[in-house]
Amino acid sequence: MSPEDLTGFIYKSHAAALQLVQISTRERDNLLLEIANNVKKHKNAILEANTLDLEASRDMAVPDLVLEWLKLTPERLNNAIECLNQLANLPDPLTLHVGINGYQRVPLGVVAFVYEGFPQLGLIASAMCLKVGNTSILKGGGEGTHTQEAIAAIVKDVLVARNFPEACVSSVPTGIALKELIVQEKYLRLVIPYGRPSFVQQVSKQATVSALPISMGNCYLYLSASGKLDFAKEIILNSRKGDPDAVNAIDKLVVHRSWCDRGLGEWICRLKKQGLVVRGCAETTAYFRQFLEDNDGLIAEMHLDANAQAIYSEDIWGQAYLDETIAIKIVDDMEEAIAWINQYSSGHADVLLTDSLSERDRFVSRINSSTIFVNAHSRFSRCSKLGDSGNAKIALGMSSLKTRGASRYPGVIDIYALTTTKQVLTSSWSQ
């Protein structure tokens with residue numbers, strides 16, 4: 001496809017967006033319900049297509065992490081269907097706030113969602129766009145071609161049957177490079193990349209249209225002197241149970257030095273018993289090495305073998321592991337903790353454990369994160385409801401402060417992040 005043909009392809013989405021915004025909210029909601037029903041009806045066909053992708057991807061040596069993201073199970077597909085049903089039942093976000101000088105929420109236009117694995121996210125993202133009157137262009141990885149085509153065909157059939165423009169939801173034609181898509185400034189309004197950090201960074205740097213860079217993992221937890229070790233362990237383990245993507249996985253732990261004399265060594269052993277690989281700063285590794293030498297009996301009692309006793313040095317604090325690894329940093333006080341977290345955290349979700357109100361206030365006011373959890377679990381639940389009226393969301397953490405205001409709920413991309421505002425200015429002068 002030539003550059004002119006690609007521009008024409010995106011123009012069809014742009015023209016469809018102009019038509020879509022004229023269609024009533026009720027009709028768009030009914031469309032979402034019918035798409036959900038048809039996906040449910042053809043669930044087996046989608047799962048069979050996914051099996052073909054998994055078999056082909058294994059032959060292509062696709063990384064295990066992406067294979068896990070690619071795999072569709074009945075439960076994962078059911079969760080996506082439930083997201084569509086929730087979206088259809090939400091209030092219309094395109095509200096007009098009247099007054100002499102008012103404003104109205106309006107669609108963005110054409111939104112591109114580019115992603116690795118996660119075929120169900122393409123379905124959810126396109127449904128979120130339809131809810132607010134945007135059209136969507138989907139570009140998944142080559143590893144999920146069969147699954148993406150199966151889902152796209154189902155959506156296309158519903159669009160045609162209900163007399164919606166076919167270009168409301170489009171898949172990028174084979175052979176179009178990602179870098180060609182994300183520079184189409186004439187008609188494309190937003191690109192949302194999702195996947196491994198390297199992929200997200202690549203798209204964000206190359207895109208010449210507005211982008212919502214998304215981060216996964218590399219969230220920090222600071223355990224202050226007044227916090228609780230057991231609760232820290234619970235939060236760390238729970239944050240890793242996202243299925244299939246642990247968006248808010250706690251990768252890094254910053255602990256107050258006083259815990260070295262209050263059970264930190266045994267606590268690390270218990271983390272390792274849970275299957276985590278523990279890394280640490282130079283002081284953490286030296287501390288744990290000495291702890292092992294002083295506690296042979298305890299180590300034997302916990303049935304830790306020689307390999308499980310190892311703790312590895314860490315010097316890459318700003319990258320997500322996306323596996324069963326956690327790194328521990330020992331600090332003297334909260335000031336050092338805040339400085340460290342602001343320097344290395346992904347900036348979309350960080351946790352504080354403390355019994356001190358003054359520490360809470362200081363941490364909350366100074367940490368540069370979209371979402372801060374204080375004495376609370378950090379795990380996201382995709383398609384859960386937030387607030388009084390609820391708001392279905394893709395559980396994606398926004399990694400940059402410049403994107404924080406795009407959503408009503410900081411740290412997630414919800415339907416409000418896919419809209420903008422139109423000002424309505426009325427002069428008081430009369431002819």
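The largest pocket of this predicted model is lined by 26 residues, of which Lys 139, Gly 140, Gly 141, Gln 148 and Val 172 lie nearest its centre. The model is predicted, so to speak, with limits: local features need pLDDT of at least 70, side-chain atom pairs count only at pLDDT 80 or more, and totals for chains, interfaces and linings use all residues. Residues are numbered from 1 along each chain as its sequence is written, and side-chain values use heavy atoms, with hydrogens and water left out.

The space in the largest pocket comes to about 540 Å³. By class, its lining has twelve nonpolar, eleven polar and three charged residues (Ala, Val, Leu, Ile, Met, Phe, Trp, Tyr, Cys and Pro count as nonpolar, Asp, Glu, Lys and Arg as charged, and the others, Gly among them, as polar). Helix 7 gives the largest share of this lining, six residues, and each element in the table supplies at least two.

| Element | Residues |
|---|---|
| Helix 6 | 119–132 |
| Strand 4 | 135–140 |
| Helix 7 | 145–161 |
| Strand 5 | 169–171 |
| Helix 9 | 197–206 |

Elsewhere, helix 10 (residues 229–239) and helix 11 (residues 264–273) pack at an angle of about 25°, with their axes 11 Å apart. The two helices are therefore roughly parallel to each other, a term for angles under 35 degrees. Leu 229, Asp 230, Ala 232, Lys 233 and Ile 236 in helix 10 meet Leu 264, Trp 267, Arg 270 and Leu 271 in helix 11, where contact means heavy atoms within 4.5 Å. The residues of this contact divide into six nonpolar, no polar and three charged.

Conventions: Axes fitted to C-alpha atoms, helices over the stretch in contact; angles between N-to-C directions. Helix = DSSP H or I, 4+ residues; strand = E, 2+ residues; numbered from the N terminus. Parallel < 35°, antiparallel > 145°, perpendicular 65-115°, else oblique. 1 Å grid on protein atoms, 1.4 Å probe; cavity = no way out; pocket = protein on both sides within 12 Å on 5 of 7 lines; lining within 4 Å. Points joined across faces, edges and corners; volume = space filled by probe spheres on them.
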